[in-house]
Amino acid sequence: MITFWSRFNQSHRDLVIATFTIASVFFVSAKLDLSEKFVEWALLHESLQLDELPLVLFSAAVVAIWFSRRRMREVVAEATRRVEAEHASKESQRMFKTLFDQGLCGNFVADLQGNILICNQAFSSMCGRSEATLNLSNALGKNWDDLCNKLKVVEKVDIPELSVKRPDGAPWIVMARLTCTLDSPVAEQKNIHGFFTDITEQHLAERELALLFKENQSLARHAMQVQEEERRNIAREIHDEMGQYLTAIRLDIASLPKDADNTIAEHAKRINSHVEHIQQGVRGLIHRLRPTALDAHGLIEAVDQLVNEWKKQHPGITCSLVLEKSCQNLPEKISIVAYRIVQESLTNIARHAQAHSVDVKIMRTRGILSDTLSIEIRDDGIGFKPHSPRAGFGLSGMRERVEAEGGVFYIHSNGTGVLISASIPLTTASQAIQENK
């Protein structure tokens, strides 16, 4: 019997129970004559109108059936809405799971102890497919505790560059964002939601480029030092060798007899003129290679001579010069840098600026920790765009010279002129104390 009953589903069982109940009531009523007895009893109480009670009960049954049918329709509609909402929720979960799993960022959820609770494929690939053994507390060390403490105060923490220890020991540099959420209100369990962007290759490439840039800077500075030393040696050799021979030629010409014929005298005069012209060219060449005034008298005298000669060569340009006497006796390397900046600036102005006036200033600023040599060259020419590509290397060379001495180089142009300025530290506080002693 139990086996036979179990074959019916719930609706069939309910139908059987309802049929059995109605049949049982009918047979009991027929057997005991309940209706006749009720009628007899109702006649005894005619004033109460009890004989109308079956009609009332029948009406109540009809109303109950109507309400049950209406409620059934509402239940069916509610069930339909819940099914649709469940399908929409599953679709939303599917989309978010796709975003979580297929994202380029490494997404993960970890507890406060650093254990990875869940992560996507990108994060798994980043950590070498060893997320099960990865513990962020061990991988980040003290940084993990600091980040957890920050997340107690702020909503999220962004880290532009974070070094993480991978379980396999490979380098791992990430750009990260961490947020803290209350995932389980009952247990008050806070979890860390993290987003890692792998920048390991970019970081290594930038570090390699930085090393190459540093090596190139060192090479350029060494080349400039070698160039200055070579210029000094060439200038000295030209002065010692060619200068002496030219002087000897002029002395030989001067020693010719006064009573020589006109032809010899004319040739001697012409040779003397040629030799004098060559000597002037040699002096100019020596001055361009290595100004003798820079070694003999210092920076101020050398710049003054440079500007005066430049003014003679370009009489159409007004040039004002402000030189502070305290800048006279400076270290040789700094003096050369300052001189070359002024020399290169004046050369560029003469070639490209189309200027009418130039201002040159060299001053010494005394500070608490160090003294600074300030150089400014300003013109009112046509200007240029500082970041536009240029064919020459004059400005780059000036920048390299200044930065090689720990200084700051600045150039500004707004289309109506150019300002070139440089600040070079001269002495530190300890050196100043030693000088005072």
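Predicted model: local features only at pLDDT ≥ 70, side-chain atom pairs only at ≥ 80, totals over all residues.
Student: How many helices and strands does the chain have?

Tutor: Helices (H or I, at least four residues) and strands (E, at least two) are DSSP runs, numbered from the N terminus. Here the chain has 14 helices and 10 strands. A residue is called buried under 20% relative accessible area, exposed over 50%, and partly exposed in between, with a 1.4 Å probe and protein chains only; by that rule, 29% of the 437 residues of the chain count as buried. Contact means heavy atoms within 4.5 Å, and of the contacts between residues at least 6 apart in sequence, 57% join residues at least 24 apart.

Student: What span should helix α11 have, and what span does it have?

Tutor: The expected span of a helix is 1.5 Å times one less than its number of residues. For the 15 residues of α11 (residues 299-313) that gives 21 Å, and the end C-alpha atoms are 21 Å apart, which agrees. Helix α12, with 22 residues, reaches 30 Å from its first C-alpha to its last, close to the 32 Å expected.

Student: Which residues of α11 are buried, and what covers them?

Tutor: The buried residues in α11 are Leu299, Ile300, Ala302, Val303, Leu306, Val307 and Trp310. They cover an arc of only 165° around the axis, which puts them on the same side of α11; the arc is that of the directions from the helix axis to the C-beta atoms. Their cover includes α10 (292-296), β6 (318-323), α12 (332-353), β7 (357-366) and β8 (371-379). Helix α7 (residues 142-151) can be read in this way too, with Trp144, Leu147, Cys148 and Leu151 buried. These cover an arc of only 100° around the axis, which puts them on the same side of α7.

Student: At what angle do α11 and α12 pack?

Tutor: Axes are lines fitted to C-alpha atoms, for helices over the stretch in contact, and angles run from 0 to 180 degrees between N-to-C directions. Angles under 35 degrees count as roughly parallel, over 145 as roughly antiparallel, 65 to 115 as roughly perpendicular and the rest as oblique. The axes of α11 and α12 are 10 Å apart, at an angle of about 10°, and that makes α11 roughly parallel to α12. Among the residues that meet are Leu306 and Trp310 in α11 and Val342 and Leu346 in α12.

Student: How do α12 and α13 cross?

Tutor: The axes of α12 and α13 (residues 394-404) come within 10 Å and cross at roughly 165°. That makes α12 roughly antiparallel to α13. The residues that meet include Ile336, Val337 and Arg340 in α12, and Leu395, Met398 and Val402 in α13.

Student: Is Cys119 buried or exposed, and what does Cys119 touch?

Tutor: Cys119, in strand β2 (residues 116-119), is buried, with a relative accessible area of 18%. Not counting residues up to four places away in sequence, Cys119 touches Phe100, Asn107, Phe108, Ser124 and Glu131. The C-alpha atoms of Cys119 and His193 are separated by 9.7 Å, although these residues are 74 residues apart along the chain.

How values were computed:
Residues numbered from 1 in each chain as written. Heavy atoms only, no water.
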